[in-house]
Structure formats: structure tokens, C-alpha cells
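Me: I would like to learn how to read aromatic pairs and helix packing. Could we work through an example together?

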Amino acid sequence: KNARAPAPCARMTTTMTTLVLLLLSQGAQAALHQRMPQQRSRPGAEVSMQDASQPAVTARAASAALLRIGTVPFCLLPLLPLVSDDLRPICEPLLICHASVIIAFIGGLQQAAAIQHDLPPWIAVLAIGIALFGTTTTSAIATGLISTHLAFITLTVAYLLQLLIERTIPPTAKQSMLAAERQLPMIVASFSLAVGAALT
């Protein structure tokens, strides 16, 4: 049995490494796609003026980069307890707290998009409701109302529900809430939380 123990750890490490590489490649493709249309649309005589007035990094590109940085803990924290069981009491609360903060951020984006684009009211209510449902998980653990295992399950369900909400949002609203940039990070987060539930 001891000889077979490292196999799940190796498979998990390979899976998480693949997800990190996917995030990095998606970021590189997005940056290249954003850059090329700008270069193709520039007339030769206006290059210097546009270069002077246009920022080197747009707010959208910076936000997308921060999204990918925020996804790194979802990839690393489930793996560290597999390296050393002594890290479990540290990594599990950190992963739950990080997931709670991110899900509140996503709920805010969804509500803002619903208001800006005059979407049905249930989208705004459900977005914030799911975000609050996820963030209260941290308080419930701190007060001993639920177990860590149940907290991971709760947050996994909350992330999947938010993904389902975004499937009902029109494309114009999705652009303002960075839905395309967040799709893979949210899938990674859901998978990471499901792994946390399986390991607790």
C-alpha cells in the first residue's frame, strides 16, 4: 500500500500543473489578441500620436492578469498537504478564505453587470445571494457550525452556480464583467475546492 501511495499525489500534481499551464497560455493568447488588432488598425502617420495617448497596459489586460494571479492559490494550496500533512491545518483555511473573498468579488461583478445592462432583477439578487452564501461559510467554520469538508462542498456548489448564472447573461454584459477571462479560472477554482472536499 505504501508503494502505491504517491500515485494519487503524482496524478494530482500533474493535473494542477496542466491547469496552471492552461492559465498561462490563455493569458498569453489574450494579450496577443488584444495587441494585434491595435497594431493592424494604426495608420503609419498616426503611430506616434496613438502611442503617446494609448496606455501600454489597459485596465482590462491588468484585470485579466490579476485574475490569473488570484487563481494560483487554487492550484497550489490543495497540493501542499500532499507534500506534508503538517501543512494541512494551514492550507485548508487559507484555501477556504481565499475562495470566499474571490466569490464575493465575482458576485459584485455580476451585480454590476446586471445593473449596467438592465438585466432581469433575479440575476443581481442571485449573484449577491450566492456570494453571501459562500462568504458566510468562513464564519460558519470559525464558529464551529460546519466542518471543513462541508465548507469545501458549499463553496464548490457556489462557484458552479455562479458559472451557471453567467450562461444566462447576454454577450454584451459578459464583456464588462470579464466573463471570458474568468471562465477557466472559475473552473479551476471549482475543481480545486472539489479536491479539497475529497481530501478532507
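Me: Is Tyr159 buried or exposed?

Reply: This is a predicted model, in which local features need pLDDT of at least 70 and side-chain atom pairs count only at pLDDT 80 or more, while totals for chains, interfaces and linings use all residues. Residues are numbered from 1 along each chain as its sequence is written, and side-chain values use heavy atoms, with hydrogens and water left out. Buried means under 20% relative accessible area, exposed over 50%, and partly exposed in between (1.4 Å probe, protein chains only); Tyr159 has a relative accessible area of 1% and is therefore buried.

Me: How many aromatic pairs does the structure hold, and how is such a pair described?

Reply: A pair of aromatic rings is described by the distance of the centres and the angle of the planes. Rings of Phe, Tyr and Trp (its six-membered ring) pair if their centres lie within 6.5 Å, and planes under 30 degrees apart count as stacked, over 60 as edge-to-face and the rest as tilted. The structure holds one aromatic pair: Phe74 and Tyr159 are edge-to-face, at 6.1 Å centre to centre and with 75° between the planes. The pair links distant parts of the chain, 85 residues apart, with Phe74 in helix H3 and Tyr159 in helix H7. Phe74, at 2% relative accessibility, also counts as buried.

Me: Which helices do the buried residues of H7 pack against?

Reply: Helices are DSSP runs (H or I, at least four residues), numbered from the N terminus, and contact means heavy atoms within 4.5 Å. The buried residues of H7, including Phe152, Leu155 and Tyr159, pack against helices H3, H5, H6, H8 and H9.

Methods: Helix = DSSP H or I, 4+ residues; strand = E, 2+ residues; numbered from the N terminus.
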